[in-house]
Amino acid sequence: MSLHRRSVRLSALSVPVAVLAVAALAGCSPDTARARVDPPPAPPADVAGLCATLHEELPDTVAGLKRTDTAPRSDLTAAWGGSAIVLRCGIPKPPKMSDPAQDGVEVDGVAWLLEDRGAKGFRFTTGLRLAYTEVTVDKEHAKDAGLLVPLSAAIKKSVPEGVSSY
C-alpha cells in the first residue's frame with residue numbers, strides 16, 4: 001500500500017462554502033441560546049401588564065441554569081438552560097386548580113400547584129395570584145428543590161395576590 005501526499009488548493013469560493021458548511025452543522029447541535037416557547041393565548045391587558053412586570057423581575061439563573069432567549073420573543077415567556085426550565089405567564093386557570101385533591105406547596109408566600117408529567121418532568125402553576133404562571137421543568141432539573149425560590153421571589157414582587165378572573 002502506498003501513501004501519496006495530495007496538495008489541496010482552496011479557491012476564494014471554497015472558503016465561504018466551508019464556513020457555511022460548518023455553520024450548518026453547528027445548527028444541528030442542541031441550541032441553548034434560544035428556546036422555542038409558545039406564548040399562551042393573549043391574556044387580558046391587565047394580566048399581560050403583570051406578566052411584563054414579572055418578565056423584568058425574573059432571575060438570570062434558576063437551578064444553576066442561565067436564562068435563555070425565547071422564540072418567539074414575548075413578555076409572557078422565559079426559559080433557562082435551553083428548554084430545561086420554561087415559564088409562561090398569563091395562562092388561563094388550569095382546570096386542576098379547582099380540584100382539592102391536587103398537590104400543592106407554598107414557597108416564600110407563593111402557592112404552587114404541582115403536577116407530575118412522568119418522563120416530561122413536572123409542571124408548577126401559581127395559584128392565588130392575579131396572573132397564573134406555569135413553570136415546566138424537565139426530569140433532570142426537577143430534582144433541585146430550590147428552583148422555585150428565585151421564581152417565587154420575582155412573582156411575589158410583581159404579581160399581586162388575588163384570584164384571577166382569567
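The link between Cys 51 and Cys 89 is left-handed, with -75° about the S-S bond. This disulfide has an S to S distance of 2.1 Å, and a search of the whole structure, which is a predicted model, finds one disulfide. Cys 51 belongs to helix α2 (residues 45-57) and Cys 89 to strand β5 (residues 85-91), so the pair ties together parts that are 38 residues apart in sequence. A disulfide is a covalent bond between the sulfur atoms of two cysteines.

| Residue | Relative accessible area | Class |
|---|---|---|
| Cys 51 | 1% | buried |
| Cys 89 | 0% | buried |

Which residues of helix α3 (residues 148-158) are buried? They are Leu 148, Leu 151, Ser 152, Ala 154, Ile 155 and Ser 158. Viewed down the axis of α3, these buried residues fall within an arc of 165°, so they line one face of the helix. An α-helix has 3.6 residues a turn, so residues three or four places apart point the same way. On the face of α3 turned away from the buried side are the exposed residues Lys 156 and Lys 157.

The largest pocket of the model has a volume of about 230 Å³. It is lined by 17 residues, of which Lys 96, Met 97, Leu 113, Gly 127 and Leu 128 are the closest to its centre.

Conventions
Residues numbered from 1 in each chain as written. Predicted model: local features only at pLDDT ≥ 70, side-chain atom pairs only at ≥ 80, totals over all residues. Heavy atoms only, no water. 1 Å grid on protein atoms, 1.4 Å probe; cavity = no way out; pocket = protein on both sides within 12 Å on 5 of 7 lines; lining within 4 Å. Points joined across faces, edges and corners; volume = space filled by probe spheres on them. Buried < 20%, exposed > 50% of the residue type's maximum accessible area, 1.4 Å probe, protein only. Helix = DSSP H or I, 4+ residues; strand = E, 2+ residues; numbered from the N terminus. Arc of directions from axis to C-beta. Disulfide = S-S within 2.5 Å.
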